[in-house]
Amino acid sequence: MRTDLIEIDPWQIEDSLIELAGERIAQGQLVAFPTETVYGLGGNALDPDASKKIYSAKGRPSDNPLIVHIADKKDMEKIARNVPTEAYLLAEAFWPGPLTIILRKQPHVPMATTGGLDTVAIRMPDHPIALELIRRSGCPIAAPSANTSGRPSPTLAEHVREDLEGKVSMIVDGGEVGIGIESTIIDLSGETPMILRPGFITPKMLSEVLHQEVCMDPAMEEKDSGKQPKAPGMKYRHYAPKAGMVILDGEPTAVVERINSLVEQEHKKNHTVAVIATEENQKLYHADYVICVGSRKKPEQIAKNLYRILRECDDKNVDMIYSECFDRIGVGMAIMNRLLKAAAHSIIRV
Ligand code: TXA
Ligand code: MG
């Protein structure tokens, strides 16, 4: 399939180009586009064939449901039924923005979009191109992250090209995304609100709006708990670079020392090693590649750089990656969630 690559300036959207992209979606084709979190791979959420095309382009298991993107808060009711008060409160506080809400689905939302579930994930993205694309296509847009299943999510159009060129109708390049990790997912379809995936919107921010404690899906971070995560996507080894990866947790000086000694052992095996380091420590490592992920004082920067760096490790064909650990405060919880998945929960405490 021919993939058209088009560039659109988010702050000065070229009418004819966004119109063309919207038409493609309306015709049942796939268009990758930027959102504020990561690039999405979009298709008409109400067309089961478009959803099937999404699964096939990504190589994604079809029991892993898609997020339905809308451009108007009021459209929540067109997609979901029995919408609870909490959903309105959260939409008012955080939409457009990096929050996905799980609700009971309306009957006309195809099972092909919801992975066979009776619930549906809904989000109103905070990106001018995403919003205008939804409006022009005239339908809600189902969009998972625009990566091949199992690879790190794309934060640049270039990443989408690497994974999906030849498999989708169009890729809209709108520059680098702002946040860099996927939206927070909150499930409001059960008895009590529950976070299924941490993101930029933190449990504290959600609790403040809902005036109640919001807990995390207990199955999420316990690798060997035997419990199934409520978001089917969280059970797959996502975000994974090709190399082996280990996270080192502890006092900064001890971490640096241990990483350097592990690098030495790998070098004896003739392995190439990358270290994912903070700005504060980067000069202290002796690896083949020391990649700076940002300052420990600016977790937002780390979130934005993380997936690009995991892809860089792939490009450099390293055999082993060692990464520093980050505080699980604020967006740090989401960073550690993605990092642990990338490392298949391999962590050494020093
Ligand atoms: O930031 C984001 O959310 C990005 C951008 C493109 O919007 N999208 C994204 O989609 O991350 P995806 O498909 O990569 O991740 C969606 C996650 C998966 O873990 C999936 O299992 C979960 O949402 N999910 C979707 N619908 C669900 C449902 N009805 N119940 C439980 N989990 C659901
Ligand atoms: Mg994804």
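The model is predicted, so local features need pLDDT of at least 70 and side-chain atom pairs count only at pLDDT 80 or more, while totals for chains, interfaces and linings use all residues. Residues are numbered from 1 along each chain as its sequence is written, chains are lettered from A and ligands numbered from 1 in the order in which they are written, and side-chain values use heavy atoms, with hydrogens and water left out. Ligand 1 takes up the space of the largest pocket, and the protein buries 99% of the area that ligand 1 exposes when taken alone.

**Around ligand 1**

- The shell holds 29 residues, of which Thr37, Asn64, His69, Ser183 and Gly233 come nearest; a residue is near if one of its heavy atoms lies within 4 Å.
- Thr37 places a polar side-chain atom 2.7 Å from an oxygen atom of ligand 1, and Arg60 has one at 2.8 Å from a ligand oxygen.
- An N or O atom in the side chain of His69 is 2.7 Å from an oxygen atom of ligand 1; a polar contact is a pair of N or O atoms within 3.5 Å.
- Taken alone, ligand 1 exposes 690 Å², with accessible areas coming from the Shrake-Rupley method with a 1.4 Å probe.
- Strands β4 (67-69), β7 (119-123) and β11 (194-197) each supply at least two shell residues, and β7 gives the most, with 4.
- Helices (H or I, at least four residues) and strands (E, at least two) are DSSP runs, numbered from the N terminus.
- By class, the shell has 16 nonpolar, 8 polar and 5 charged residues; Asp, Glu, Lys and Arg count as charged, and Gly is among the polar ones.

**The largest pocket**

- Its volume is about 570 Å³.
- A pocket is an open set of points on a 1 Å grid over the protein atoms alone, with protein on both sides within 12 Å along at least five of seven lines, for a 1.4 Å probe; lining residues have an atom within 4 Å of a point.
- There are 35 lining residues, and Arg60, Pro65, Ile67, Ile185 and Arg197 are the closest to the pocket centre.
- β4, β7, β10 (184-187) and β11 each supply at least two residues of the lining, with β7 giving the most, 4 residues.
- The lining divides into 16 nonpolar, 13 polar and 6 charged residues.

**Backbone details**

- Trp95 and Pro96 are joined by a cis peptide bond, with omega about -5 degrees; Pro96 is in the loop between α4 (85-94) and β6 (99-105).
- Asn270 is not a glycine, yet has a positive phi of about 65 degrees; Asn270 lies in the loop between α9 (252-268) and β14 (273-278).

How values were computed. A polar contact is a pair of N or O atoms within 3.5 Å; within protein, one must be able to donate a hydrogen and the other to accept it, and residues adjacent in sequence count only if both atoms are side-chain atoms. A molecule sits in a cavity or pocket if more than half of its atoms lie within 2 Å of its grid points. Grid points are joined across faces, edges and corners, and a volume is the space filled by probe spheres set on the points.
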